Amino acid sequence: MRKVDKLTRRSWLVRIGRFFLASLAALLALPRKGLARDIDYFSGTDFVGKNRAGKFKKFYINYWKPHRRISADRWSLEVSGLCRRPGRYTLDDLLKIPAREQESRLKCVECWSARAKWSGFSFAELERRVEPMAEAVGVVFYCADAYVEHLSLETLRHPRTLMATHMDSAPLSDEHGFPLRVIAPMKYGYKNPKAILKMEFVSQEVWGTWSKIGPYSPDGTILPGTDHPLEFDKEPRRIAGGEIRNY
Ligand SMILES: Nc1nc2c(c(=O)[nH]1)N[C@H]1C(S)=C(S)[C@@H](COP(=O)(O)O)O[C@H]1N2
Ligand SMILES: [Mo]
């Protein structure tokens with residue numbers, strides 16, 4: 001009887017030991033890209049956040065929370081949810097996608113606006129690679145500052161919507177959303193997520209950070225009203241709604 005007890009105990013010890021070793025091996029085998037997903041953007045010292053001073057007087061910077069700057073070699077875009085080929089893309093992967101350029105005005109719902117030349121790729125290029133499923137109606141964007149926003153596939157496929165990597169012929173600054181942001185000029189700024197970490201294809205509209213806390217519509221289409229463009233000293237201008245194209 002006692003002998004049997006000893007044997008059972010020993011086989012349990014062996015099993016626990018094996019389990020421990022297997023877990024350790026799995027942890028060590030995690031690819032570099034896999035670890036990148038666990039970066040804590042709220043630790044460290046080199047932060048970027050909201051800014052309206054100095055050169056940013058001409059183009060305000062909005063960030064939900066100050067967060068650590070993104071380093072290109074530790075970043076990859078995660079694409080997940082309702083698509084047939086989910087995956088991860090490094091910045092080099094994205095920069096190989098054929099690029100296009102557009103000038104457009106970014107209009108914040110809090111009145112100011114500013115214009116720039118943006119370049120990047122069409123959302124359709126990404127769709128070709130990840131193959132969204134028929135149930136998908138939109139994409140939820142998760143950003144480094146814990147900002148979350150949803151855009152419909154219709155908006156993302158609009159010919160004026162751009163997945164931007166560059167602004168005024170230079171890579172996006174950390175302030176303006178390095179390494180990847182959305183530019184959707186027919187929508188208020190809050191529908192233009194910056195510093196994107198992850199895109200998730202979803203079957204239902206999700207309310208983003210601003211729509212949840214403020215009186216801002218989840219749709220975010222620019223409404224008729226008054227604009228205060230920063231380059232024109234915020235001199236008020238009437239706008240008709242939709243993309244501002246005339247200045
Ligand atoms: N990640 C992230 N993206 C964001 C925001 C934010 O807080 N976090 N603010 C939005 C809002 S409200 C505006 S007006 C624009 C401003 O873009 P800019 O900071 O490049 O001027 O960014 C949008 N994208
Ligand atoms: Mo905004």
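This is a predicted model: local features need pLDDT of at least 70, side-chain atom pairs count only at pLDDT 80 or more; totals for chains, interfaces and linings use all residues.

Trainee: Okay. How many helices and strands are in the chain?

Mentor: The chain has six helices and 14 strands.

Trainee: And what share of the residues counts as buried?

Mentor: That's 45% of the 247 residues.

Trainee: What about contacts between residues 24 or more positions apart?

Mentor: Take the contacts in the chain with a separation of 6 or more: residues 24 or more positions apart account for 64% of them.

Trainee: Now the sheet. In what order do the five strands come?

Mentor: Reading across, the order is β4-β3-β12-β7-β8. The sheet is open, and its pairing is mixed.

Trainee: Which ones are the edge strands?

Mentor: β4 (87-89) and β8 (148-152), since each pairs on one side only. Neighbouring strands in this sheet are turned against each other by 20° on average, if you ignore direction.

Trainee: Which strands does helix α4 touch?

Mentor: Helix α4, residues 123-130, packs on the sheet and touches β3, β4, β7 (138-143) and β12. The direction of α4 makes about 65° with that of β12.

Trainee: Switching topic: E243. Where does E243 lie?

Mentor: In the segment after β14 (237-239).

Trainee: Buried or exposed?

Mentor: E243 is buried, because its relative accessible area is 16% and the cut-off for buried is under 20%.

Trainee: So what is E243 in contact with?

Mentor: Setting aside neighbours within four places in sequence, E243 contacts E103, S104, R160, P185 and M186. S104 is 139 residues away from E243 along the chain, yet their C-alpha atoms are separated by 8.2 Å.

Trainee: And what joins the side chains of E243 and R160?

Mentor: A polar contact of 2.6 Å.

Trainee: Next thing: which residues does the cis peptide bond join?

Mentor: F178 and P179, with omega about 0°. P179 is placed in the loop between β10 (170-171) and β11 (181-183).

Trainee: What's the phi of A146?

Mentor: Near 70°, which is a positive value in a residue other than glycine. You'll find A146 in the loop between β7 and β8. A195 also has a positive phi, near 45°, and A195 lies in the loop between β11 and β12.

Trainee: Why does A146 count as partly exposed, and what does A195 count as?

Mentor: A146 counts as partly exposed because its relative accessibility is 34%, which falls between the 20% and 50% cut-offs. A195 has a relative accessibility of 1%, so A195 counts as buried.

Trainee: Great, thanks, I'll go and find those in the viewer.

Note on methods: Residues are numbered from 1 along each chain as its sequence is written. Chains are lettered from A and ligands numbered from 1 in the order in which they are written. Side-chain values use heavy atoms; hydrogens and water are left out. Two strands pair if DSSP finds at least two bridges between them. Helices (H or I, at least four residues) and strands (E, at least two) are DSSP runs, numbered from the N terminus. Axes are lines fitted to C-alpha atoms, for helices over the stretch in contact, and angles run from 0 to 180 degrees between N-to-C directions. Contact means heavy atoms within 4.5 Å. Buried means under 20% relative accessible area, exposed over 50%, partly exposed in between (1.4 Å probe, protein chains only). A polar contact is a pair of N or O atoms within 3.5 Å; within protein, one must be able to donate a hydrogen and the other to accept it, and residues adjacent in sequence count only if both atoms are side-chain atoms.
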